[in-house]
Amino acid sequence: MSMKRWFVLIFLISIFLIPAYADDLTTDSSLNQNLTVPLEMVSALDRITGEISDELAVIKEQNRISAESLRTISISGDDATSVLERKLETVPYGHSSLIISPDNIITAAAPTRYSGLIGTDLSYQPETRFANEKQEPVISNIFYLEEGFYGISISYPIFSEDDEYLGYTDITIRPEEFFRPVIGPFTEQTGYEVFILQTDGMTVYETDEVEIGRNVLTDPIYDTPEMRNVSHAVLEHEDGTVIYTFWDKNWKRQVPRQAIWNTLSLDNQEWRVAVVRNLEEAERQKGAGDRELGPDNLNASLTDLTQFVQDAAIFARTAGQESACDSFNNLSGPYVSGDRYIFAYTMNSTTLALPYQLGLLGKERPDLFDVNGFAIMPALIDTAVKGGGFMYGVYPNPDKDFQNLLKIYYIEPVDSDWFIGSGLYIPWITAEFGSDEIHALIGRVKQAVSHAEKVGKEQAIMDFNDLNQSFADGGSYIFAYGYDGTTLALPHQPELIGTNRMNFTDVYGVPVIYLEKRAAERGGGFVYIVYYNPDSGNNELKLCYVLPAGEDWFVGSGIYLGKGIT
């Protein structure tokens with residue numbers, strides 16, 4: 001890694017008064033006012049760049065180990081595939097791993113579901129050709145994968161014992177899955193946003209993940225003279241600072257912002273890594289109907305929430321989408337009261353109503369994730385398509401300075417084209433899990449999938465249900481269900497094995513198996529539930545991770561928070 005020496009580039013995009021509360025800024029009244037970067041902001045930038053470098057180093061080392069193993073065996077066949085599978089078990093955010101021959105042909109692939117790619121010619125991909133031309137470690141540019149999302153290939157060359165170049169092996173990552181566990185906690189602790197750009201303008205990562213894969217030089221979202229100047233300033237200088245006006249991190253309103261950046265150079269890649277702060281204090285939004293919610297009145301409040309959303313749905317069907325959403329977006333209207341408000345989306349995730357984040361109106365949010373990696377938007381749509389109901393998620397509370405808090409949602413479809421919802425924030429539960437816990441959870445489920453692929457479905461289910469095996473280790477147990485809802489593995493509740501639980505809901509009406517099944521059908525993901533903890537004997541909040549194990553079943557595990565919602 002080459003870290004460029006820090007210097008301050010003063011670049012004033014627009015003229016505005018620096019507010020008096022910004023006492024860490026030194027200004028004068030001249031047009032060329034100087035801006036002093038707060039030391040804590042510089043330290044934060046150094047910290048996040050270092051943490052990203054450390055995570056990249058982990059992948060590089062695992063690639064090196066696998067490349068070393070491949071020196072003495074064929075780059076194709078079962079032995080080569082086993083090398084890739086072992087590597088992915090050590091990298092929880094690794095999406096897939098390939099071996100590419102010098103003529104750009106895939107010779108091995110993992111996980112097993114990608115074995116159909118073997119023999120594919122990837123010569124059409126510049127990233128593949130570049131890695132073979134360099135014959136050294138490479139972090140590719142971000143590119144759109146055939147699976148339908150953006151990815152980055154991190155590769156390492158393979159040489160024979162006679163130093164003949166045999167091709168390379170890689171790990172492909174999704175930027176949001178790789179960066180979120182690092183940047184999410186950083187953002188929560190510091191309040192700073194983060195963006196990472198390639199020098200061609202492509203967004204590798206942004207705290208608002210909807211911007212991943214957008215080019216800051218060409219995308220319409222940045223199509224103002226001010227933002228184009230900001231983009232050029234960042235891309236044309238290895239480090240610096242800039243002040244500008246753009247939407248705040250919640251897309252609520254446009255605010256003055258300051259970004260400082262440096263350059264991370266590693267393995268034939270160069271990224272601009274920046275931290276950003278809002279130069280105004282976040283304005284607390286309060287409604288007239290403030291209420292004290294606690295564990296003792298949660299059930300009654302959920303009844304009120306259900307009625308609130310159902311009444312709003314009746315109004316929406318009567319008034320029509322445009323008129324209804326105008327009312328839902330009115331901060332002084334009847335559908336906004338403190339942190340309780342109506343939101344609305346189309347079934348393809350276009351934002352119709354979001355009164356505290358008006359900058360998001362009209363925008364699609366298919367990749368809306370929370371701080372723990374839970375895919376909020378797909379779950380909202382799944383719940384609406386099912387006919388409505390409850391689900392959990394972590395989302396910024398506009399009545400608490402947009403702090404991320406656990407929320408119980410109630411969703412109601414208006415018709416087949418759009419849905420509405422609202423929610424109750426649960427301020428007495430801190431539903432944030434550590435990155436180490438989440439990595440361990442993902443690794444545990446991947447290991448279970450790998451075991452099933454090796455020994456077959458029948459034997460794997462027997463092993464998962466065996467209390468003497470590690471798969472049934474207390475609250476970290478592996479569970480398994482058929483896509484039809486049949487219980488296959490539930491080691492601490494053996495009486496339920498063989499029963500169909502597709503319609504099972506937890507104590508707050510959340511359809512547990514249905515949401516887990518839908519996450520598995522999308523290729524895997526997280527789901528919040530309240531469920532029995534065999535370690536404590538209590539119903540507790542649980543973050544589950546599930547993966548498909550075959551065409552007709554899925555496996556999962558979870559992390560218990562250690563306390564119930566009530």
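A cavity is a set of points, on a 1 Å grid over the protein atoms alone, where a 1.4 Å probe fits but cannot get out, and its lining residues have an atom within 4 Å of a point. Grid points are joined across faces, edges and corners, and a volume is the space filled by probe spheres set on the points.

The model is predicted: local features need pLDDT of at least 70, side-chain atom pairs count only at pLDDT 80 or more, and totals for chains, interfaces and linings use all residues. Numbering starts from 1 along each chain as its sequence is written, and side-chain values use heavy atoms, with hydrogens and water left out.

**Exercise 1.** Describe the largest cavity and its lining.

Solution.
- Step 1: The search of the whole structure gives 5 cavities of 30 Å³ or more.
- Step 2: The largest cavity holds about 190 Å³ of space.
- Step 3: Its lining has 16 residues, with F195, V216, Y222, M227 and Y244 nearest the centre.
- Step 4: Two or more lining residues come from each of β8 (193–198), β9 (203–206), α5 (225–236), β10 (240–247) and β11 (254–266). Helices (H or I, at least four residues) and strands (E, at least two) are DSSP runs, numbered from the N terminus.
- Step 5: α5 gives the largest share, 4 residues.

**Exercise 2.** Describe the second largest cavity and classify its lining residues.

Solution.
- Step 1: About 70 Å³ of space lies in this cavity.
- Step 2: Among its lining residues are Y341, F343, R365, I376 and K407.
- Step 3: β15 (343–346), α8 (376–385) and β18 (403–413) each give two or more residues to this lining.
- Step 4: Ala, Val, Leu, Ile, Met, Phe, Trp, Tyr, Cys and Pro count as nonpolar, Asp, Glu, Lys and Arg as charged, and the others, Gly among them, as polar.
- Step 5: The lining of the second largest cavity then divides into 9 nonpolar, no polar and 2 charged residues.

Terms used. On a 1 Å grid over the protein atoms alone, a cavity is a set of points where a 1.4 Å probe fits but cannot get out, and a pocket is an open set with protein on both sides within 12 Å along at least five of seven lines; lining residues have an atom within 4 Å of a point.
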